[in-house]
Amino acid sequence: MKIIGTNLEDIAVAGQALRTGCLVAIPTETVYGLAGNARDVHTLARIFAVKKRPIFDPLIIHIGDPFDVDVVADSNVPFAKEIVEAFWPGPITLILPRRSWVPDLATSGLDTVAVRCPSHDIARAIIRKAGVPVAAPSANPFGYLSPTRANHVARQLGDKIDFIVDGGSCLLGVESTILDLSIEQPVILRPGGLSVERIRSVIPDIRVLDRRTSNPKAPGQLPSHYAPSRPLYLLPTGSLAQKPPYPEDKSHAAITFGSVTTQALLRTNWYKTVVDLSPDANTTEAAAALFNTLHSLDTDEYNAIWTERLPEEGLGLAVNDRLYKASIKLV
Ligand code: TXA
Ligand code: MG
(Lines give C-alpha, C1' and ligand atoms only; values in the text may rest on other atoms or scores of the structure.)
(Ligands and ions follow the chains in the order given, each with its own letter.)
Protein backbone atom coordinates (compact mmCIF):
# COMPACT_ATOMS: atom_id res chain seq x y z
CA MET A 1 0.00 0.00 0.00
CA LYS A 2 1.20 3.47 -0.82
CA ILE A 3 0.04 6.70 0.86
CA ILE A 4 -0.16 9.58 -1.59
CA GLY A 5 -1.16 13.24 -1.29
CA THR A 6 -3.62 15.44 -3.12
CA ASN A 7 -1.62 17.36 -5.72
CA LEU A 8 -2.49 17.09 -9.41
CA GLU A 9 -0.04 14.28 -9.98
CA ASP A 10 -1.42 12.28 -7.03
CA ILE A 11 -4.97 12.78 -8.30
CA ALA A 12 -3.92 11.45 -11.72
CA VAL A 13 -2.25 8.42 -10.09
CA ALA A 14 -5.35 7.69 -7.99
CA GLY A 15 -7.71 8.08 -10.97
CA GLN A 16 -5.60 5.83 -13.18
CA ALA A 17 -5.32 3.25 -10.37
CA LEU A 18 -9.10 3.20 -9.97
CA ARG A 19 -9.71 2.80 -13.67
CA THR A 20 -7.33 -0.17 -13.80
CA GLY A 21 -8.92 -2.08 -10.94
CA CYS A 22 -6.96 -0.99 -7.85
CA LEU A 23 -8.51 -0.31 -4.45
CA VAL A 24 -7.90 3.30 -3.41
CA ALA A 25 -9.00 4.82 -0.10
CA ILE A 26 -10.17 8.36 -0.80
CA PRO A 27 -11.18 11.22 1.49
CA THR A 28 -14.73 12.57 1.25
CA GLU A 29 -16.54 15.25 3.25
CA THR A 30 -18.19 12.49 5.35
CA VAL A 31 -15.73 9.62 5.98
CA TYR A 32 -12.95 7.92 3.98
CA GLY A 33 -14.26 5.61 1.27
CA LEU A 34 -12.72 2.38 -0.05
CA ALA A 35 -13.05 3.12 -3.76
CA GLY A 36 -13.04 0.79 -6.76
CA ASN A 37 -14.23 0.79 -10.37
CA ALA A 38 -17.98 0.10 -10.17
CA ARG A 39 -17.99 -1.51 -13.62
CA ASP A 40 -15.47 -4.18 -12.63
CA VAL A 41 -16.94 -7.11 -10.70
CA HIS A 42 -13.51 -8.41 -9.67
CA THR A 43 -12.78 -5.09 -7.98
CA LEU A 44 -16.20 -5.13 -6.32
CA ALA A 45 -15.56 -8.65 -5.04
CA ARG A 46 -12.26 -7.47 -3.58
CA ILE A 47 -13.99 -4.61 -1.76
CA PHE A 48 -16.30 -7.10 -0.02
CA ALA A 49 -13.38 -9.43 0.79
CA VAL A 50 -11.14 -6.68 2.19
CA LYS A 51 -13.93 -5.31 4.40
CA LYS A 52 -15.20 -8.78 5.34
CA ARG A 53 -18.56 -7.33 4.35
CA PRO A 54 -21.53 -9.64 3.74
CA ILE A 55 -22.58 -9.54 0.09
CA PHE A 56 -26.18 -8.76 1.05
CA ASP A 57 -24.99 -5.25 2.07
CA PRO A 58 -24.97 -3.15 -1.15
CA LEU A 59 -22.47 -0.41 -2.03
CA ILE A 60 -22.85 3.30 -2.83
CA ILE A 61 -21.80 4.33 -6.35
CA HIS A 62 -20.03 7.70 -6.39
CA ILE A 63 -20.08 10.09 -9.34
CA GLY A 64 -17.95 13.16 -10.08
CA ASP A 65 -20.77 15.43 -11.24
CA PRO A 66 -24.49 15.59 -10.39
CA PHE A 67 -25.50 15.31 -14.06
CA ASP A 68 -23.89 11.85 -14.20
CA VAL A 69 -26.69 10.47 -12.01
CA ASP A 70 -28.50 8.99 -15.00
CA VAL A 71 -25.44 6.97 -15.99
CA VAL A 72 -26.01 4.91 -12.84
CA ALA A 73 -29.71 5.32 -12.06
CA ASP A 74 -33.04 6.58 -13.31
CA SER A 75 -33.54 9.98 -11.68
CA ASN A 76 -36.95 10.45 -13.26
CA VAL A 77 -38.81 9.86 -9.98
CA PRO A 78 -40.62 12.33 -7.68
CA PHE A 79 -38.30 14.67 -5.72
CA ALA A 80 -35.04 13.41 -7.30
CA LYS A 81 -34.42 16.49 -9.45
CA GLU A 82 -35.23 18.84 -6.54
CA ILE A 83 -33.00 16.98 -4.07
CA VAL A 84 -30.09 16.83 -6.53
CA GLU A 85 -30.52 20.53 -7.32
CA ALA A 86 -30.64 21.50 -3.64
CA PHE A 87 -28.01 19.22 -2.08
CA TRP A 88 -25.59 17.75 -4.63
CA PRO A 89 -22.64 17.71 -4.55
CA GLY A 90 -23.05 16.89 -0.88
CA PRO A 91 -23.54 14.39 1.95
CA ILE A 92 -26.74 12.74 0.74
CA THR A 93 -27.08 9.38 -1.01
CA LEU A 94 -30.14 8.64 -3.12
CA ILE A 95 -31.72 5.23 -3.60
CA LEU A 96 -33.07 5.17 -7.15
CA PRO A 97 -34.06 2.59 -9.78
CA ARG A 98 -30.81 1.13 -11.15
CA ARG A 99 -29.44 1.06 -14.68
CA SER A 100 -29.09 -2.48 -16.03
CA TRP A 101 -25.28 -2.35 -16.38
CA VAL A 102 -24.79 -1.88 -12.62
CA PRO A 103 -23.37 -5.20 -11.36
CA ASP A 104 -25.57 -7.22 -8.99
CA LEU A 105 -22.66 -7.33 -6.60
CA ALA A 106 -22.92 -3.54 -6.14
CA THR A 107 -26.66 -3.63 -5.45
CA SER A 108 -26.90 -7.04 -3.77
CA GLY A 109 -29.32 -7.95 -6.51
CA LEU A 110 -31.81 -5.17 -5.63
CA ASP A 111 -33.53 -3.32 -8.47
CA THR A 112 -32.37 -0.06 -6.88
CA VAL A 113 -28.93 1.51 -6.54
CA ALA A 114 -27.40 3.96 -4.04
CA VAL A 115 -25.81 7.01 -5.75
CA ARG A 116 -23.90 9.93 -4.29
CA CYS A 117 -21.98 12.90 -5.64
CA PRO A 118 -19.63 13.96 -2.82
CA SER A 119 -18.80 17.64 -2.26
CA HIS A 120 -15.13 16.93 -1.46
CA ASP A 121 -13.09 18.53 -4.29
CA ILE A 122 -10.33 15.89 -4.21
CA ALA A 123 -12.84 13.02 -4.22
CA ARG A 124 -14.62 14.47 -7.23
CA ALA A 125 -11.37 15.20 -9.06
CA ILE A 126 -10.25 11.59 -8.56
CA ILE A 127 -13.59 10.17 -9.74
CA ARG A 128 -13.50 12.41 -12.83
CA LYS A 129 -9.94 11.27 -13.57
CA ALA A 130 -10.99 7.64 -13.16
CA GLY A 131 -13.61 8.23 -15.84
CA VAL A 132 -15.86 5.53 -14.39
CA PRO A 133 -18.45 5.45 -11.61
CA VAL A 134 -16.77 4.50 -8.35
CA ALA A 135 -18.15 2.14 -5.72
CA ALA A 136 -17.05 3.21 -2.26
CA PRO A 137 -18.20 1.89 1.10
CA SER A 138 -16.63 3.41 4.19
CA ALA A 139 -12.99 2.28 4.40
CA ASN A 140 -13.31 0.23 7.60
CA PRO A 141 -13.66 -3.48 8.36
CA PHE A 142 -17.38 -4.38 8.44
CA GLY A 143 -18.96 -3.41 11.76
CA TYR A 144 -15.99 -1.37 13.04
CA LEU A 145 -15.65 2.41 13.54
CA SER A 146 -15.68 4.46 10.32
CA PRO A 147 -12.42 6.19 9.33
CA THR A 148 -12.19 9.98 9.36
CA ARG A 149 -8.41 10.23 8.89
CA ALA A 150 -5.93 8.51 6.58
CA ASN A 151 -4.16 6.84 9.51
CA HIS A 152 -7.44 5.18 10.59
CA VAL A 153 -7.57 3.52 7.16
CA ALA A 154 -3.88 2.62 7.25
CA ARG A 155 -4.29 0.97 10.65
CA GLN A 156 -7.41 -1.01 9.75
CA LEU A 157 -6.90 -1.95 6.09
CA GLY A 158 -3.41 -0.75 5.15
CA ASP A 159 -1.95 -4.11 4.18
CA LYS A 160 -4.95 -5.09 2.02
CA ILE A 161 -5.37 -2.14 -0.35
CA ASP A 162 -3.31 -0.40 -3.04
CA PHE A 163 -3.38 3.34 -2.24
CA ILE A 164 -4.55 5.73 0.46
CA VAL A 165 -5.04 9.35 -0.60
CA ASP A 166 -4.31 11.41 2.52
CA GLY A 167 -6.67 14.37 2.43
CA GLY A 168 -6.53 15.13 6.17
CA SER A 169 -9.56 14.99 8.49
CA CYS A 170 -13.05 14.61 7.05
CA LEU A 171 -15.02 17.82 7.52
CA LEU A 172 -18.37 16.28 8.55
CA GLY A 173 -17.21 13.06 10.21
CA VAL A 174 -20.44 11.02 9.80
CA GLU A 175 -21.61 9.13 6.72
CA SER A 176 -24.05 10.57 4.21
CA THR A 177 -27.78 10.65 4.84
CA ILE A 178 -29.46 7.88 2.80
CA LEU A 179 -32.78 8.89 1.23
CA ASP A 180 -34.91 6.27 -0.53
CA LEU A 181 -36.71 7.86 -3.46
CA SER A 182 -37.50 4.55 -5.16
CA ILE A 183 -40.73 4.04 -3.24
CA GLU A 184 -43.98 5.98 -3.19
CA GLN A 185 -43.43 7.52 0.26
CA PRO A 186 -39.75 8.60 0.42
CA VAL A 187 -37.99 7.68 3.63
CA ILE A 188 -34.62 8.39 5.25
CA LEU A 189 -32.94 4.99 5.72
CA ARG A 190 -29.90 6.37 7.54
CA PRO A 191 -29.62 9.78 9.21
CA GLY A 192 -26.28 11.35 8.27
CA GLY A 193 -24.31 14.40 7.26
CA LEU A 194 -27.30 16.27 5.82
CA SER A 195 -29.86 17.01 8.54
CA VAL A 196 -33.50 15.93 8.35
CA GLU A 197 -34.50 19.58 8.82
CA ARG A 198 -32.73 20.49 5.56
CA ILE A 199 -34.35 17.62 3.65
CA ARG A 200 -37.73 18.73 5.01
CA SER A 201 -37.31 22.01 3.09
CA VAL A 202 -37.76 19.94 -0.11
CA ILE A 203 -39.90 17.01 1.14
CA PRO A 204 -41.98 18.47 4.00
CA ASP A 205 -43.42 15.17 5.29
CA ILE A 206 -40.23 13.11 5.04
CA ARG A 207 -40.07 10.17 7.48
CA VAL A 208 -37.03 8.65 9.18
CA LEU A 209 -37.00 4.85 9.30
CA ASP A 210 -37.37 3.59 12.85
CA ARG A 211 -33.89 2.33 13.81
CA ARG A 212 -35.37 -0.50 15.89
CA THR A 213 -36.89 -1.88 12.70
CA SER A 214 -36.66 -5.65 12.59
CA ASN A 215 -36.27 -5.79 8.81
CA PRO A 216 -33.57 -3.29 7.89
CA LYS A 217 -33.42 -2.16 4.28
CA ALA A 218 -29.97 -0.60 4.72
CA PRO A 219 -27.77 -3.07 6.60
CA GLY A 220 -25.98 -0.04 8.11
CA GLN A 221 -29.19 -0.34 10.17
CA LEU A 222 -28.07 -3.65 11.64
CA PRO A 223 -28.10 -3.43 15.44
CA SER A 224 -24.33 -3.62 15.91
CA HIS A 225 -22.29 -1.38 13.66
CA TYR A 226 -19.74 1.45 13.77
CA ALA A 227 -18.49 -0.17 16.98
CA PRO A 228 -15.22 0.16 18.92
CA SER A 229 -13.52 -3.00 20.23
CA ARG A 230 -14.31 -2.21 23.87
CA PRO A 231 -17.84 -1.83 25.22
CA LEU A 232 -19.54 1.50 24.61
CA TYR A 233 -22.45 2.35 26.92
CA LEU A 234 -25.03 4.91 25.82
CA LEU A 235 -27.07 6.64 28.53
CA PRO A 236 -30.10 8.93 28.25
CA THR A 237 -29.42 12.68 27.83
CA GLY A 238 -28.36 14.29 31.09
CA SER A 239 -27.46 11.11 33.01
CA LEU A 240 -23.69 11.02 32.53
CA ALA A 241 -23.06 13.51 35.33
CA GLN A 242 -24.90 11.28 37.80
CA LYS A 243 -22.96 8.60 39.69
CA PRO A 244 -21.81 5.99 37.13
CA PRO A 245 -23.45 2.57 37.42
CA TYR A 246 -20.21 0.55 37.66
CA PRO A 247 -17.65 -0.13 40.40
CA GLU A 248 -14.98 2.54 40.26
CA ASP A 249 -11.85 1.14 38.70
CA LYS A 250 -10.57 4.23 36.93
CA SER A 251 -10.14 2.42 33.65
CA HIS A 252 -13.17 3.92 31.93
CA ALA A 253 -13.45 6.91 29.59
CA ALA A 254 -16.40 9.28 29.15
CA ILE A 255 -17.48 11.17 26.05
CA THR A 256 -19.41 14.34 26.87
CA PHE A 257 -21.34 16.95 24.90
CA GLY A 258 -21.17 20.50 26.25
CA SER A 259 -19.02 22.11 28.92
CA VAL A 260 -21.66 21.82 31.67
CA THR A 261 -21.40 18.00 31.79
CA THR A 262 -17.68 18.08 31.13
CA GLN A 263 -16.98 20.42 34.04
CA ALA A 264 -19.20 18.36 36.33
CA LEU A 265 -17.33 15.16 35.43
CA LEU A 266 -13.91 16.76 35.73
CA ARG A 267 -14.78 17.64 39.36
CA THR A 268 -15.23 13.91 40.09
CA ASN A 269 -12.60 11.21 39.70
CA TRP A 270 -14.93 8.67 38.13
CA TYR A 271 -13.25 8.53 34.73
CA LYS A 272 -9.66 8.19 33.60
CA THR A 273 -10.36 10.52 30.68
CA VAL A 274 -13.19 12.85 29.70
CA VAL A 275 -13.43 13.93 26.05
CA ASP A 276 -15.89 16.67 25.09
CA LEU A 277 -17.28 16.34 21.54
CA SER A 278 -18.30 20.00 21.55
CA PRO A 279 -17.80 22.39 24.50
CA ASP A 280 -20.35 24.73 22.85
CA ALA A 281 -22.87 21.87 22.57
CA ASN A 282 -22.95 22.17 18.78
CA THR A 283 -24.16 18.99 17.03
CA THR A 284 -22.21 19.66 13.79
CA GLU A 285 -18.97 20.00 15.76
CA ALA A 286 -19.83 16.84 17.71
CA ALA A 287 -20.38 14.84 14.50
CA ALA A 288 -17.00 15.97 13.17
CA ALA A 289 -15.28 14.79 16.37
CA LEU A 290 -17.23 11.56 16.92
CA PHE A 291 -15.29 8.81 15.11
CA ASN A 292 -11.92 10.39 15.78
CA THR A 293 -12.73 10.42 19.51
CA LEU A 294 -13.90 6.80 19.45
CA HIS A 295 -10.74 5.74 17.58
CA SER A 296 -8.54 7.54 20.10
CA LEU A 297 -10.30 5.90 23.09
CA ASP A 298 -10.36 2.43 21.52
CA THR A 299 -7.02 1.42 23.06
CA ASP A 300 -5.89 -0.93 25.83
CA GLU A 301 -5.77 2.03 28.19
CA TYR A 302 -9.53 1.82 28.67
CA ASN A 303 -11.88 -1.01 29.55
CA ALA A 304 -15.10 0.77 28.59
CA ILE A 305 -16.46 4.01 27.17
CA TRP A 306 -19.52 5.82 28.54
CA THR A 307 -21.53 8.47 26.78
CA GLU A 308 -25.00 9.99 26.58
CA ARG A 309 -27.43 10.91 23.85
CA LEU A 310 -27.22 14.27 22.12
CA PRO A 311 -30.33 16.38 21.49
CA GLU A 312 -32.11 14.98 18.39
CA GLU A 313 -31.67 18.11 16.27
CA GLY A 314 -29.33 18.92 13.38
CA LEU A 315 -26.61 16.27 13.18
CA GLY A 316 -27.52 15.04 16.70
CA LEU A 317 -29.79 12.47 15.07
CA ALA A 318 -26.90 11.02 13.01
CA VAL A 319 -24.56 10.99 16.03
CA ASN A 320 -27.18 9.24 18.20
CA ASP A 321 -27.79 6.69 15.43
CA ARG A 322 -24.06 5.81 15.29
CA LEU A 323 -23.73 5.72 19.09
CA TYR A 324 -26.84 3.56 19.40
CA LYS A 325 -25.56 1.02 16.86
CA ALA A 326 -22.08 1.02 18.43
CA SER A 327 -23.36 0.53 21.98
CA ILE A 328 -24.22 -2.21 24.41
CA LYS A 329 -27.99 -1.74 24.55
CA LEU A 330 -29.07 0.05 27.75
CA VAL A 331 -31.54 2.55 26.27
O1 TXA B 1 -20.81 9.00 3.45
C2 TXA B 1 -20.95 7.89 2.94
O3 TXA B 1 -22.04 7.50 2.51
C4 TXA B 1 -19.70 7.00 2.81
C5 TXA B 1 -18.71 7.71 1.89
C6 TXA B 1 -17.49 6.87 1.60
O7 TXA B 1 -19.35 8.11 0.73
N8 TXA B 1 -20.03 5.70 2.36
C9 TXA B 1 -20.70 4.80 3.15
O10 TXA B 1 -20.86 3.56 2.56
O11 TXA B 1 -21.09 5.06 4.26
P12 TXA B 1 -21.28 2.26 3.38
O13 TXA B 1 -21.12 1.15 2.41
O14 TXA B 1 -20.52 2.17 4.62
O15 TXA B 1 -22.80 2.44 3.66
C16 TXA B 1 -23.70 2.36 2.59
C17 TXA B 1 -25.06 2.01 3.06
C18 TXA B 1 -25.18 0.60 3.55
O19 TXA B 1 -25.83 0.61 4.81
C20 TXA B 1 -26.03 -0.07 2.49
O21 TXA B 1 -26.84 -1.06 3.03
C22 TXA B 1 -26.85 1.08 1.96
O23 TXA B 1 -25.95 2.14 1.94
N24 TXA B 1 -27.34 0.81 0.60
C25 TXA B 1 -26.60 0.69 -0.52
N26 TXA B 1 -27.39 0.40 -1.59
C27 TXA B 1 -28.66 0.37 -1.13
C28 TXA B 1 -29.94 0.15 -1.75
N29 TXA B 1 -30.05 -0.12 -3.05
N30 TXA B 1 -31.02 0.20 -0.96
C31 TXA B 1 -30.92 0.46 0.37
N32 TXA B 1 -29.73 0.69 1.01
C33 TXA B 1 -28.63 0.64 0.28
MG1 MG C 1 -19.96 1.82 6.51
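Which residue forms a salt bridge with Glu-175, and how far apart are the closest N and O atoms? Here are some notes on this predicted model, starting with the layout and then coming to that pair.

1. The domains touch: 24 residues of domain 1 and 15 residues of domain 2 take part in the contact.

2. **The buried area.** Between domain 1 and domain 2, about 1,500 Å² is buried. Carbon and sulfur atoms give 58% of that area. On the side of domain 1, look for Leu-145, Val-174 and Pro-191. These three lose the most area to domain 2. Together they make up 33% of what the domain 1 side buries.

3. **The salt bridge between the domains.** Back to the opening question: the partner of Glu-175 is Arg-322. Their closest N and O atoms are 2.8 Å apart. The count of salt bridges between domain 1 and domain 2 is 1. In general, side chains of opposite charge can pair when their charged atoms come close.

4. **Polar contacts and who supplies the surface.** Between the two domains, 8 residue pairs are in polar contact, counting pairs with both residues at pLDDT 80 or more. The largest share, 3 residues, comes from α7. By residue type, this side of domain 1 divides into 10 nonpolar, 9 polar and 5 charged.

5. The model has 14 salt bridges. One to find is Arg-46 with Asp-162, at 3.1 Å from N to O. Why does this pair tie together separate parts of the chain? Arg-46 sits in helix α2 (residues 41–51), while Asp-162 sits in the loop between α7 and β8 (163–165), so the pair joins parts that are 116 residues apart in sequence.

6. **Aromatic pairs.** There are 2 aromatic pairs. One of them is Tyr-226 with Phe-291. Its rings are tilted, with 45° between the planes and 6.1 Å centre to centre. This pair also links distant parts of the chain. Tyr-226 is in the loop between β11 (207–208) and β12 (232–235). Phe-291 is in helix α10 (residues 283–297), and the two residues are 65 residues apart.

7. **Two backbone details to check.** What is the peptide bond from Trp-88 to Pro-89, cis or trans? The bond is cis, with omega near -5°. Pro-89 has its place in the loop between α4 (80–87) and β5 (92–97). Then turn to Phe-79, in the loop between α3 (69–72) and α4. Phe-79 is not a glycine, yet its phi is positive, at about 75°.

Definitions and conventions. Residues are numbered from 1 along each chain as its sequence is written. Chains are lettered from A and ligands numbered from 1 in the order in which they are written. This is a predicted model: local features need pLDDT of at least 70, side-chain atom pairs count only at pLDDT 80 or more; totals for chains, interfaces and linings use all residues. Side-chain values use heavy atoms; hydrogens and water are left out. Contact means heavy atoms within 4.5 Å. Buried area is the accessible area (1.4 Å probe) that two parts lose on being put together, summed over both. A salt bridge is a side-chain nitrogen of Lys or Arg within 4 Å of a carboxyl oxygen of Asp or Glu. A polar contact is a pair of N or O atoms within 3.5 Å; within protein, one must be able to donate a hydrogen and the other to accept it, and residues adjacent in sequence count only if both atoms are side-chain atoms. Helices (H or I, at least four residues) and strands (E, at least two) are DSSP runs, numbered from the N terminus. Ala, Val, Leu, Ile, Met, Phe, Trp, Tyr, Cys and Pro count as nonpolar, Asp, Glu, Lys and Arg as charged, and the others, Gly among them, as polar. Rings of Phe, Tyr and Trp (its six-membered ring) pair if their centres lie within 6.5 Å; planes under 30 degrees apart count as stacked, over 60 as edge-to-face and the rest as tilted.
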